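Welcome, and please take a look at the model below.

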Amino acid sequence: MAGGSAIRGTRVGAGPMGESERGESAPRRRVSYWCANGHESRPSFALDAEEPESWDCPRCGLPGGRDEQEPPKAPRNEPYKTHLAYVKERRSDADGEAILAEALAKLRKKREG
Ligand SMILES: [Zn+2]
């Protein structure tokens, strides 16, 4: 344990808005992205790095775009359904039908009884 120096650089209350700059020497810029749900995410990039065209929203996972007015559309269709997902879906359908049939049977009994 050669102590101490690793902790250096941890300052409390560094930034005016609670943003602490932990010894980042390279200047960074923040880029805003908006998703289809109107969430804004502001990842930061190095000045000389090119920001990506889209950024996945950390809140809902939709892709975000640079244009607040026209965020990328949420992918709504599910083009590739795996076989497993398909089987699962069918199974839950069948379960649902069984539950429904059971409920109907109870209902009928009630009426009769
Ligand atoms: Zn979002």
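## Ground rules

Helices (H or I, at least four residues) and strands (E, at least two) are DSSP runs, numbered from the N terminus. This is a predicted model, in which local features need pLDDT of at least 70 and side-chain atom pairs count only at pLDDT 80 or more, while totals for chains, interfaces and linings use all residues. Residues are numbered from 1 along each chain as its sequence is written, and side-chain values use heavy atoms, with hydrogens and water left out.

## The overall fold

Let us begin with the whole chain. The protein chain has one helix and six strands, and from the N terminus on its elements follow the order β-β-β-β-β-β-α.

Among contacts (heavy atoms within 4.5 Å) between residues at least 6 apart in sequence, 25% join residues at least 24 apart.

## The zinc site

Which residues hold the zinc ion? Its protein donors are Cys35 (SG), His39 (ND1), Cys57 (SG) and Cys60 (SG), lying 2.1 to 2.3 Å from the ion. Donors here are N, O and S atoms within 2.8 Å of the metal (3.2 Å for Na, K and Ca); water is not among the atoms, so sites may look incomplete. The sequence spacing of the donor residues is C-x3-H-x17-C-x2-C. Cys35, in the loop between β2 (33–34) and β3 (40–41), and Cys57, in the loop between β5 (54–56) and β6 (63–65), link distant parts of the chain, 22 residues apart.

The arrangement is tetrahedral because the four donor atoms subtend angles of 105 to 116 degrees around the zinc ion; four donors count as tetrahedral if all angles lie between 85 and 135 degrees. Cys35 counts as buried at 2% relative accessibility, and Cys57 is buried too, with a relative accessible area of 5%.

## A salt-bridge network

Side chains of opposite charge can pair when their charged atoms come close. With a salt bridge taken as a side-chain nitrogen of Lys or Arg within 4 Å of a carboxyl oxygen of Asp or Glu, the count comes to two. In one of them, Arg29 pairs with Glu51, with the closest N and O atoms 2.8 Å apart. This pair links distant parts of the chain, since Arg29 sits in strand β1 (residues 28–30) and Glu51 in the loop between β4 (44–46) and β5, 22 residues apart. Arg29 is partly exposed at 23% relative accessibility, and Glu51 is partly exposed with a relative accessible area of 23%.

Glu51 also forms a salt bridge with Arg66, where the closest N and O atoms are 2.6 Å apart. Glu51 lies in the loop between β4 and β5 and Arg66 in the loop between β6 and α1, so this pair ties together parts that are 15 residues apart in sequence. Arg66 is partly exposed, at a relative accessible area of 41%. Through shared partners, the salt bridges join Arg29, Glu51 and Arg66 into one network.

## Three buried residues

Leu62 lies in the loop between β5 and β6 and is buried, with a relative accessible area of 17%. Leaving aside residues up to four places away in sequence, Leu62 touches Cys35, Ala36, Asn37, Trp55, Asp56, Cys57, Ala74 and Pro75. The C-alpha atoms of Leu62 and Ala74 are separated by 6.2 Å, although these residues are twelve apart along the chain.

Ser41 is found in strand β3 and counts as buried at 6% relative accessibility. Among its contacts beyond four places in sequence are Trp55, Cys57 and Pro58. Gly65 belongs to strand β6 and is buried, with a relative accessible area of 7%. The C-alpha atoms of Gly65 and Ser54, eleven residues apart along the chain, are separated by 4.8 Å.

## A nonpolar patch

Leu100, Leu104 and Leu107 make a nonpolar surface patch of about 270 Å². Patches are made of residues with over 30% relative accessible area and no salt bridge, with like charges joined within 9 Å and nonpolar side chains (Val, Leu, Ile, Met, Phe, Trp, Tyr) within 5 Å. Leu107 lies in helix α1 (residues 83–112) and is partly exposed, with a relative accessible area of 42%.

Note on methods: Four donors count as tetrahedral if all angles lie between 85 and 135 degrees; four count as square planar and six as octahedral if opposite donors are over 155 degrees apart and all others between 65 and 115; anything else is irregular. Buried means under 20% relative accessible area, exposed over 50%, partly exposed in between (1.4 Å probe, protein chains only). Accessible areas come from the Shrake-Rupley method with a 1.4 Å probe; for residues, only the protein chains shown count as cover.
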